[in-house]
Amino acid sequence: MVSKEILIQYTDLQQEIKYLSKKIDDLKNERIKHEAKKKHDMVRASSKEYPYVEHNVYIEGLTSTSEMFLNSKINTEIRKLESRYENLLHVTNDVLDFIESIDDSHMRMIITYRIIENYSWGQVADAMGGGNTEDSVKKAFYRFMS
């Protein structure tokens with residue numbers, strides 16, 4: 001069973017997922033910019049063995065160790081953020097699975113409106129209709145979760 005604290009945090013988890021997704025994209029774009037700064041050049045070389053035929057060799061690389069360090073740092077940060085992103089997706093999927101597993105349709109709708117749709121308790125009561133009040137849906141939720 002998903003805890004009440006996790007359910008209440010669902011909207012914040014969704015916001016954090018959006019933030020992490022944007023941050024990951026930004027870092028990947030930054031990495032692409034740094035990779036575009038790679039230096040390319042052509043040098044002349046010859047075969048190792050006789051007849052020592054001369055040919056062109058294309059080389060590429062970063063110009064300094066600071067650029068290589070920065071690239072490595074960006075990759076590390078991306079991996080950390082992706083790991084956190086995956087964990088949050090797992091938690092939010094657990095929340096959705098929990099809500100789907102609730103047998104009581106009334107309770108499932110209360111939780112969907114309050115947690116997934118982020119309605120206030122008054123909006124939940126209005127959406128539920130049938131004489132439900134803000135206090136009645138709130139009490140039903142807390143009784144169910146305790």
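The questions and answers below go through a predicted model of one protein chain.

Residues are numbered from 1 along each chain as its sequence is written. In this predicted model local features need pLDDT of at least 70, side-chain atom pairs count only at pLDDT 80 or more, and totals for chains, interfaces and linings use all residues; side-chain values use heavy atoms, with hydrogens and water left out.

Me: In what order do the elements of the protein chain run from the N terminus on?
Reply: Helices (H or I, at least four residues) and strands (E, at least two) are DSSP runs, numbered from the N terminus. The protein chain has six helices and two strands. From the N terminus on, their order is α-α-β-β-α-α-α-α.

Me: What percentage of the residues in the protein chain is buried?
Reply: Buried means under 20% relative accessible area, exposed over 50%, and partly exposed in between (1.4 Å probe, protein chains only). Of the 146 residues in the protein chain, the buried ones make up 23%.

Me: Against which helices do the buried residues of α5 pack?
Reply: In α5, the residues Trp121, Val124, Ala125 and Met128 are buried. They lie on the same side of α5 because they cover an arc of only 100° around the axis, the arc being that of the directions from the helix axis to the C-beta atoms. The buried residues of α5 pack against α4 and α6.

Me: Which parts of the chain does the pair of phenylalanine 98 and phenylalanine 144 link?
Reply: Rings of Phe, Tyr and Trp (its six-membered ring) pair if their centres lie within 6.5 Å; planes under 30 degrees apart count as stacked, over 60 as edge-to-face and the rest as tilted. The structure holds five aromatic pairs, and that of phenylalanine 98 and phenylalanine 144 is tilted, with 6.5 Å centre to centre and 45° between the planes. The two residues are 46 apart, and the pair links helix α3 (residues 65-101) with helix α6 (residues 134-145).

Me: Is phenylalanine 98 buried or exposed?
Reply: The relative accessibility of phenylalanine 98 is 10%. Phenylalanine 98 counts as buried.

Me: What kind of aromatic pair do tyrosine 113 and tyrosine 119 form?
Reply: Tyrosine 113 counts as buried at 19% relative accessibility, and tyrosine 119 counts as partly exposed at 28%. The rings are 5.3 Å centre to centre with 5° between the planes, and the pair is stacked.

Me: Which backbone oxygen does the side chain of threonine 92 reach?
Reply: Threonine 92 is found in helix α3 and is buried, with a relative accessible area of 4%. Leaving aside neighbours within four places in sequence, threonine 92 is in contact (heavy atoms within 4.5 Å) with Tyr10, Leu13, Gln14 and Ile17. At 2.9 Å, the side chain of threonine 92 reaches the backbone oxygen of leucine 89.

Me: Which residues does the cis peptide bond join?
Reply: Most peptide bonds are trans. Here omega is about 25°. Proline 51 is found in the loop between β1 (39-46) and β2 (54-61). The cis peptide bond joins tyrosine 50 and proline 51.

Me: What is the phi of asparagine 118?
Reply: Most residues other than glycine have a negative phi. Asparagine 118 is in the loop between α4 (105-116) and α5 (121-128) and is partly exposed, with a relative accessible area of 48%. The phi of asparagine 118 is positive, near 60°.

Conventions
Polar contact = N/O pair within 3.5 Å; in protein donor to acceptor, adjacent residues only side chain to side chain.
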